[in-house]
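Thank you all for making time this morning. I would like to walk you through one structure, going slowly, and I ask you to keep the picture in view while I talk.

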Amino acid sequence: MNKNVSLERELYSPMCDWLRNYLEHNYRTAEIRVLDTSQVNLDCVLDSLGVLNEYPQVIGIGMQIDVLGVVKTKFKTLLFFIEAKKTALNTHDLGQILVYSRICNPEKAFLFSSVGMGALEKLIKEREDLTFYSNDKKLKMIQIGKWDVVKRMPDISSMIPKLI
């Protein structure tokens, strides 16, 4: 059985399902939306959801997040990003989501590859600080790992840092 996908977009639907379950489990009283936003600029999506005013820094930047989770609580809107790759991860992939995360400061950001972490694994194990993106007092790190195509979820044992 082939353990990878032919096209990256084949990862988006199962990643949406996983993120929706993850958010529903962790934010039980909030309004939750999970979308494949790989073909739409983030500012347009946030505008259509009525929350662009909470993230004015994204206007006009042209960021396209593969999978976007939006959690609306009484007091604020939280964003969750997933960047998906069907090839082994590299520094370019980390740089892409790192810049997006530093601009938007999502609650969580994930970088998943359906074939594994590749050369990025050694670098991140030695320099975990390269995954820090928080621009507030709460430490936030991009969580990186292998996406299990068969189980349709992250391989928890591969996650750096561990999924919490």
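Let me begin with N105, which is buried, having a relative accessible area of 14%; please bear in mind throughout that what you see is a predicted model. N105 sits in the loop between α3 and β4, and its phi is near 50°, a positive value in a residue other than glycine.

Which residues of α3 are buried? They are D93, L94, I97, L98, Y100, S101 and C104. Seen down the axis of α3, these buried residues fall within an arc of 165°, so they line one face of the helix. The face turned away from that buried side carries the exposed residues T91 and H92. As for what covers the buried residues of α3, the list includes α2, β3, β4, α4 and β5. One more detail belongs to the start of this helix, where a side-chain oxygen of N90 reaches to within 2.9 Å of the backbone nitrogen of H92.

Now let me turn to the strands, and to β2 in particular, which is made up of residues 67–72. Five of its six residues are buried, so β2 is largely enclosed by the rest of the structure. On the one hand, β2 is joined by six bridges to β1, residues 31–36, with the two strands running antiparallel, and within this pairing I32 stands opposite V71. On the other hand, β2 also pairs with β3 in the antiparallel sense, over six bridges, and here K72 stands opposite T77. How many residues lie between β2 and β3 in the hairpin that they form? There are four residues between them.

Finally, in the segment after β6 we come to P161, where the peptide bond from I160 to P161 is cis, with omega near -20°.

Key: Residues numbered from 1 in each chain as written. Predicted model: local features only at pLDDT ≥ 70, side-chain atom pairs only at ≥ 80, totals over all residues. Heavy atoms only, no water. Buried < 20%, exposed > 50% of the residue type's maximum accessible area, 1.4 Å probe, protein only. Arc of directions from axis to C-beta. Contact = heavy atoms within 4.5 Å. Polar contact = N/O pair within 3.5 Å; in protein donor to acceptor, adjacent residues only side chain to side chain. Pairing = 2+ DSSP bridges.
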